[in-house]
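Okay, thanks everyone, let's get going.

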Amino acid sequence: MKLQEFRSKEILARYELPLLPGEIATTAAGAREAAERLGVPVVVKAQVLAGGRGKAGGVKLAATPDEAAARAAEILALRIAGGAVHTLLVTPAVDIAHEYYLGLVLDRSAKAVTIIASAEGGIEIEEVARTNPAAVLRHALHPLDGLQPHDVQAVTEFLAIADEHRSTFAAIVEGLTAAFFGCDAELAEINPLATTGDGRLLVLDAKIVVDDSALPRHPDIEAMRDLAEEEPAEIAAREAGISFIKLEGTIGCMVNGAGLAMTTMDLVKLAGGEPANFLDIGGGARHERVAAAFRIILSDPNVKAVLINIFGGITRGDEVAHGIVEARAALDRQVPMVVRIVGTNADEAALILEEADLQTAYSLDEAAELAVAAAEGGGAT
Ligand code: GDP
Ligand code: MN
């Protein structure tokens, strides 16, 4: 679960990181009042989940409360990464001397929580890593010992933090690390961490991504969820108990089991197609969940064909087949479908699908090939 900047900062404040005060506004008038209370100049910032808001025009300076209102109106009219802007953060503007990047990430290939740091902050770290990899430090933490003084030392030296900021910087690294572990994050980053003309070291922007599987033990973070900022398809999937990740291809996949879903995506690619999503309907899925999965898959206008691949273990093939036939009849948009159901009650499932005139396949290779052909305009129904 991605958290907006103001939510991420709310969490970092619990760890006593140096933050500026801020107020949330949802209207231009609200931004004006916030600027009056906070004192100008201020920065008005779109609270969307996408990065690169600055480049997209979603971060603007304002020298007076009236200007804050005007900038707020402009930002509220923007669409950033395809989404509308509903919420603004108004916060005092500072005179930035230098911008650093400081983040912690769960680095799966290093099998370690890793500190990422760069003295070329402010811009996206992926871009720095691409254009000037030597400017980015990746420093893995020991999995059992966690953050040690020598880790802080290494980062401090890499960034050439000035003597007067060293103790504050150490507290920031410690606080960010504690926040990362404390909320079971996958990512906790500060960009920029800035020195100011008046000699302060401040967190000006923050982003935390929490591991979804850990949310049950963080009800306070779950309560920060802003449904207006999430994809409708992802909200529907969560409510239906379906694991869903949208991708860029044309072949919608409905599969039970995460491993089988990955395999199905691989075989779609092998057959020359591109999956439109990862979707796991889970074990023991009943027809309501199948219907929800259809709605989610077909809400993506890129989907040109659907490949359904079910292995009946606890899940009964005939139950899924019924679900497919029923749900398909109720859809507003029809696309070609290829169905493969094997395992428990596969024969019953095959009869139901044949009666409904659905294209079936026995092997997974065949199913993937048929789905790719169908998406390209070949024969499946
Ligand atoms: P992002 O583009 O989504 O990462 O949004 P940020 O909050 O990081 O803002 C983008 C950039 O705006 C920062 O890197 C700064 O250069 C600039 N910025 C943000 N806050 C201030 C501020 O208080 N004063 C000044 N001068 N620039 C700011
Ligand atoms: Mn930023």
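Quick housekeeping. This is a predicted model, so local features need pLDDT of at least 70 and side-chain atom pairs count only at pLDDT 80 or more, while totals for chains, interfaces and linings use all residues. Residues are numbered from 1 along each chain as its sequence is written, chains are lettered from A and ligands numbered from 1 in the order in which they are written, and side-chain values use heavy atoms, with hydrogens and water left out.

Overall dimensions next. Along the principal axes, the C-alpha atoms fill a box of roughly 75 × 50 × 40 Å. The protein has 381 residues, and 49% of them count as buried. By buried I mean under 20% relative accessible area; exposed is over 50%, and partly exposed is in between, using a 1.4 Å probe and protein chains only.

Now the metal. Which residues coordinate the manganese ion, ligand 2? Asn 191, through O, and Asp 205, through OD, do that at 2.2 Å. Asn 191 is in strand β11 (residues 185-196) and Asp 205 is in the loop between β12 (201-203) and β13 (206-210), so this pair ties together parts that are 14 residues apart in sequence. Both residues are buried. A caveat on the site: donors are N, O and S atoms within 2.8 Å of the metal (3.2 Å for Na, K and Ca), and water is not among the atoms, so sites may look incomplete.

Pro 41 sits in the loop between α2 (28-38) and β3.

On to ligand 1. What surrounds ligand 1? There are 15 residues around it, and the closest are Lys 45, Arg 53, Gly 54, Val 94 and Glu 99. The cut-off for being near is a heavy atom of the residue within 4 Å.

Let's go through some polar contacts. That term means a pair of N or O atoms within 3.5 Å; within protein, one must be able to donate a hydrogen and the other to accept it, and residues adjacent in sequence count only if both atoms are side-chain atoms. A nitrogen of ligand 1 is 2.7 Å from a polar backbone atom of Val 94. An oxygen of ligand 1 is 2.6 Å from an N or O atom in the Glu 99 side chain. And here's Asn 191 again: a polar backbone atom of Asn 191 is 3.1 Å from an oxygen of ligand 1.

As for where the shell comes from, the elements giving two or more residues to it are β3 (42-46), β4 (59-62), β8 (96-107) and β11.

Okay, two buried side chains in strands. Ser 118 lies in β9 (residues 112-118) and is buried, at 0% relative accessible area. A polar atom of the Thr 91 side chain lies 2.9 Å from the backbone oxygen of Pro 21.

Asp 184 isn't a glycine, but its phi is positive, near 50°. Asp 184 is in the loop between α6 (166-182) and β11. Is Asp 184 buried or exposed? At 19% relative accessibility, Asp 184 counts as buried.

Asn 345 also has a positive phi, about 60°, without being a glycine. Asn 345 is in the loop between β18 (337-343) and α12 (346-355), and at 25% relative accessibility it counts as partly exposed. Gly 312 is in β17 (residues 305-312) and is buried, at 4%.

That's my tour, over to you.

Terms used. Helix = DSSP H or I, 4+ residues; strand = E, 2+ residues; numbered from the N terminus.
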